[in-house]
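Here are some notes on the model, point by point. Please read them with the sequence and the structure open.

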Amino acid sequence: MLTKCVNCGFYLQKDDQFCLNCGLEDPTLNPKTNTELLFFVLVGIFLILLILATHLTTVASYAFLLFLVIVLSFCVYYFFRKTKQTNFLKFSFKGLNAKQEIIEKRLSELTRRTRQIDAILEKIKQDDTPQLQDTRRKLLSAREIVTGQYARYELQAGKIEIARLQNGVLPFLENLQRLNEFETENGLITIENAKHEVEKIRRNLTNYYAIEFPKAVQSEKNGFLSQLKETEDSCDKLREAILSRQAARALRDITPIEDGIDAPNAEEVAHAVETFNIQSTLTDFSDSFEELENEYRRLRAENDVGKKLMP
């Protein structure tokens, strides 16, 4: 059964040890519970001690009240300091947010390296010197490698987007037979928004020039485009299923018409469920992401060694 992460609202299973999106550990526990309980306990203790202080002698009462103010001030300071520290939250680096930060950092680094290469190529241009021509060929090869890596990291960013879109649609798919009218309308809106975002991702990918996707990256790009198409098709099947149920409810008392309603068959809905299998989607993403990271680190290491060997 699905539940929501208390930190980011990502849908997950109740037995998940951390949120697949933000990485929060114990994502089904409300992080505010402890702080709210601490606050009410402090207020209760203060009121009890204040009542007790009124029954003491005047000098003792003032001294005791001063002591209470100091203790309570310390407790309030501790409470708000802990609250600022993300309400005792602990995060894992396995979530999509952590990987998205890495991707943004890599894209920035690769953009900088591409600009450096382009600046040198601009200076060399079509120089006839054999040595410079050889340098130019090496720079072009390096630019193709860097560009290919940039394109692959952009693909990983797209995979994160599609995983989040699938996650937003997942509750309506899993609860298809139990949706009320309000949930049905929300489901239809969510599906339309998901299809719109899928189309935006597709347009961004197809806007690249050929050099932006070298041959080594083409297969990964095509695989991702297929994933986008499957997601879009599954959204269509889910939309049909929801509309069919909505129509059946509206025509519940008109048997001849109700019998004529065509709805997606069980096999089509089952395929949609498989397409929106978040665990499978994230496993595929993690494998390709780790492979890309290893390649990035290897190239960085070679580059660093090359710098050290230069006279």
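1. Helices here are DSSP runs of H or I, at least four residues long, numbered from the N terminus. The model is a predicted one. On that numbering, helix α4 covers residues 130-174, and arginine 152 lies in it.

2. Is arginine 152 buried or exposed? Its relative accessible area is 14%, and buried means under 20%, so arginine 152 counts as buried. Leaving aside residues up to four places away in sequence, arginine 152 touches Val217, Glu220, Ser288, Glu291 and Leu292.

3. The next residue to look at is tyrosine 153. How many aromatic pairs does the count come to? The count is one. Its members are tyrosine 153 and tyrosine 296, with ring centres 6.0 Å apart and planes at 85 degrees. Planes over 60 degrees apart count as edge-to-face, so this pair is edge-to-face.

4. The pair ties together parts that are 143 residues apart in sequence, because tyrosine 153 lies in helix α4 and tyrosine 296 in helix α9 (residues 278-309). Both partners are buried: tyrosine 153 has a relative accessibility of 0%, and tyrosine 296 has a relative accessible area of 3%.

5. Helix α4 also packs against another helix. How do α3 and α4 run relative to each other, roughly parallel or roughly antiparallel? Helix α3 spans residues 96-124, and its axis comes within 9 Å of that of α4, with a crossing angle of roughly 155 degrees. Angles over 145 degrees count as roughly antiparallel, and α3 and α4 are therefore roughly antiparallel to each other. The crossing of the two helices, α3 and α4, is left-handed.

6. On cysteines, a disulfide is a covalent bond between the sulfur atoms of two cysteines. A search of the whole structure finds zero of them.

7. Cysteine 5 counts as buried, at 4% relative accessibility. Cysteine 8 counts as partly exposed, at 34%.

Methods. Residues are numbered from 1 along each chain as its sequence is written. This is a predicted model: local features need pLDDT of at least 70, side-chain atom pairs count only at pLDDT 80 or more; totals for chains, interfaces and linings use all residues. Side-chain values use heavy atoms; hydrogens and water are left out. Buried means under 20% relative accessible area, exposed over 50%, partly exposed in between (1.4 Å probe, protein chains only). Contact means heavy atoms within 4.5 Å. Rings of Phe, Tyr and Trp (its six-membered ring) pair if their centres lie within 6.5 Å; planes under 30 degrees apart count as stacked, over 60 as edge-to-face and the rest as tilted. A disulfide is a pair of cysteine sulfur atoms within 2.5 Å. Axes are lines fitted to C-alpha atoms, for helices over the stretch in contact, and angles run from 0 to 180 degrees between N-to-C directions. Angles under 35 degrees count as roughly parallel, over 145 as roughly antiparallel, 65 to 115 as roughly perpendicular and the rest as oblique. A crossing is left-handed if the near helix is turned anticlockwise from the far one by less than a right angle, and right-handed if clockwise.
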